[in-house]
Amino acid sequence: MQQTFLMSRCIAYNVHHSFESIIEYFPSARIHQIGPTPLLMQVPEKDVVGVTTAMLEAYSRAREPKELQMLPGGHFSIFEGKDFETLLAKEVEFLERTLLR
């Protein structure tokens with residue numbers, strides 16, 4: 001009985017704090033601190049999860065060096081088919097150019 005009670009309290013605590021972390025997660029809040037590390041932002045044109053306009057606003061606040069690649073599709077559709085190949089090709093090119101210089 002005691003062990004079950006403690007286990008349920010631990011689970012409730014973790015779920016609560018995980019949910020809080022998700023709500024408080026604003027990756028764009030510190031985007032201005034990334035530079036001078038090279039930044040590649042790949043933004044889907046029709047993203048309703050990350051909201052394209054919010055990502056573009058965050059990109060405008062990022063310091064140089066930075067690059068923006070607009071991708072067709074939405075939040076998840078860019079991870080399949082031709083769009084995914086385009087995404088990966090740009091990432092590889094960016095990493096080779098910025099890390100191997």
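How do the residues of the lining of the second largest pocket divide into nonpolar, polar and charged? They divide into 7 nonpolar, 3 polar and 1 charged, where Ala, Val, Leu, Ile, Met, Phe, Trp, Tyr, Cys and Pro count as nonpolar, Asp, Glu, Lys and Arg as charged, and the others, Gly among them, as polar. The model is predicted, and for that reason local features need pLDDT of at least 70 and side-chain atom pairs count only at pLDDT 80 or more, while totals for chains, interfaces and linings use all residues. Residues are numbered from 1 along each chain as its sequence is written, and side-chain values use heavy atoms, with hydrogens and water left out.

**Overall layout**

- The chain has 3 helices and 2 strands, which are DSSP runs numbered from the N terminus (helices are H or I with at least four residues, strands are E with at least two).
- Along the sequence these elements follow the pattern α-β-α-β-α.
- Of the 101 residues of the chain, 24% count as buried; buried means under 20% relative accessible area, exposed means over 50%, and partly exposed lies in between, with a 1.4 Å probe and protein chains only.
- Among contacts (heavy atoms within 4.5 Å) between residues at least 6 apart in sequence, 64% join residues at least 24 apart.

**Helix H2 and its cover**

- In helix H2, which spans residues 52-61, the residues Thr52, Met55, Ala58 and Tyr59 are buried.
- Seen down the axis of H2, these buried residues fall within an arc of 125°, so they line one face of the helix; the arc is that of the directions from the helix axis to the C-beta atoms.
- An α-helix has 3.6 residues a turn, so residues three or four places apart point the same way.
- On the other side of H2, Thr53 and Ser60 are exposed, whereas the cover over the buried residues includes strand S1 (39-44) and strand S2 (66-71).
- Thr52 has a relative accessible area of 10%, and, leaving aside neighbours within four places in sequence, Thr52 is in contact with Val43, Pro44, Glu45, Lys46, Asp47 and Met70.

**The second largest pocket**

- A pocket is found on a 1 Å grid over the protein atoms alone, as an open set of points where a 1.4 Å probe fits, with protein on both sides within 12 Å along at least five of seven lines; lining residues have an atom within 4 Å of a point.
- The second largest pocket holds about 160 Å³ of space, and the residues that line it are Met41, Gln42, Val43, Pro44, Asp47, Gly50, Met55, His75, Ile78, Phe79 and Leu87.
- Strand S1 gives the most to this lining, with 4 residues.

- Glu91 lies in helix H3 (residues 81-99) and counts as partly exposed at 28% relative accessibility.
- Glu91 touches Leu40 and Gln42, not counting residues up to four places away in sequence, and the C-alpha atoms of Glu91 and Met41, 50 residues apart along the chain, are separated by 9.7 Å.
- Val48, in the loop between S1 and H2, is exposed with a relative accessible area of 74%.
- The peptide bond from Gly35 to Pro36 is cis, with omega near 10°, and Pro36 sits in the loop between helix H1 (2-23) and S1.
- A cis peptide bond also joins Glu64 and Pro65, with omega about 0°, and Pro65 is found in the loop between H2 and S2.

Terms used
Points joined across faces, edges and corners; volume = space filled by probe spheres on them.
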